[in-house]
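Biologist: I would like to learn how to read a sheet and a surface in a model. Please take me through the features one by one.

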Amino acid sequence: FLKYRPNSYGMKLRYKIALGIFVVCAIGFFGAQFWVNRVVESAILKLEDQDALSSVDRLHQALKNKEDQLQGKMRDWARWDETFKFIQGKKPEYIQDNFRKPDEFFINLKIDFFALINSESEVRFDMSFDYEKGEVSQKSKELYGFFKSLPQKVDTLGFMPFQNEMLFLVSVPITTTDLTGEPSGLLVAGH
């Protein structure tokens, strides 16, 4: 009858089964790789983009808040009758009355420099503070040329490159408390 031949037909079937399993696994592996690369990676990139945009929005909002706070504080000083009188030369004691403790002034307002400029673009008062040394410094003297170029009748707010750093500054026209009359100069401050 039939003779059993163990090495011929049986090995071919096992070989075919093993090869079939290998091919199915390879297709599965490469299919999974394709899916990971196309679908998962694009989803991750999309999430990273959304996260980056969210971070930029948070930074923008933080800077806007800082701008609003600084501008509000400087408007209080610029729209004060005492500052208005000083810039017109009518209140010489203004400096002594308001800047006895310059370190406290700068720390409380969170600024590095402060200047008052009259309507003829003459700097009537300026002061800077070096936080590392904890003392008054002369940074604002180096900014005089820039201060003089600022518009006298409108608020100015923004960043400015200065000696390898970026300064954030605000300038506000000096007026009376009730905002009557023409501005009499400019208050400039920043950090």
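**Reading the model**

Modeller: Ile 27 is exposed, with a relative accessible area of 57%. Exposed means over 50% relative accessible area, buried under 20%, and partly exposed in between (1.4 Å probe, protein chains only).

Biologist: What kind of model is this?

Modeller: This is a predicted model, where local features need pLDDT of at least 70, side-chain atom pairs count only at pLDDT 80 or more, and totals for chains, interfaces and linings use all residues. Residues are numbered from 1 along each chain as its sequence is written, and side-chain values use heavy atoms, with hydrogens and water left out.

Biologist: Where is Ile 27 placed?

Modeller: Helices (H or I, at least four residues) and strands (E, at least two) are DSSP runs, numbered from the N terminus. Ile 27 lies in helix H1, residues 9–78.

Biologist: In what order do the strands of the open sheet come?

Modeller: Two strands pair if DSSP finds at least two bridges between them. Here six strands form an open sheet in the order S3-S2-S1-S6-S5-S4, with antiparallel pairing. Strands S3 (135–137) and S4 (156–162) stand at the edges; each has a single partner strand, so one side of each is left without a neighbour in the sheet.

Biologist: How many bridges pair S2 with S3?

Modeller: Three bridges, in the antiparallel sense, pair strand S2 (residues 123–130) with S3. Phe 129 has Val 136 in S3 as its bridge partner, and Ser 128 has Ser 137 in S3.

Biologist: Which residue in the turn between S2 and S3 has a positive phi?

Modeller: Gly 134, at about 70°, in a hairpin with four residues between the strands.
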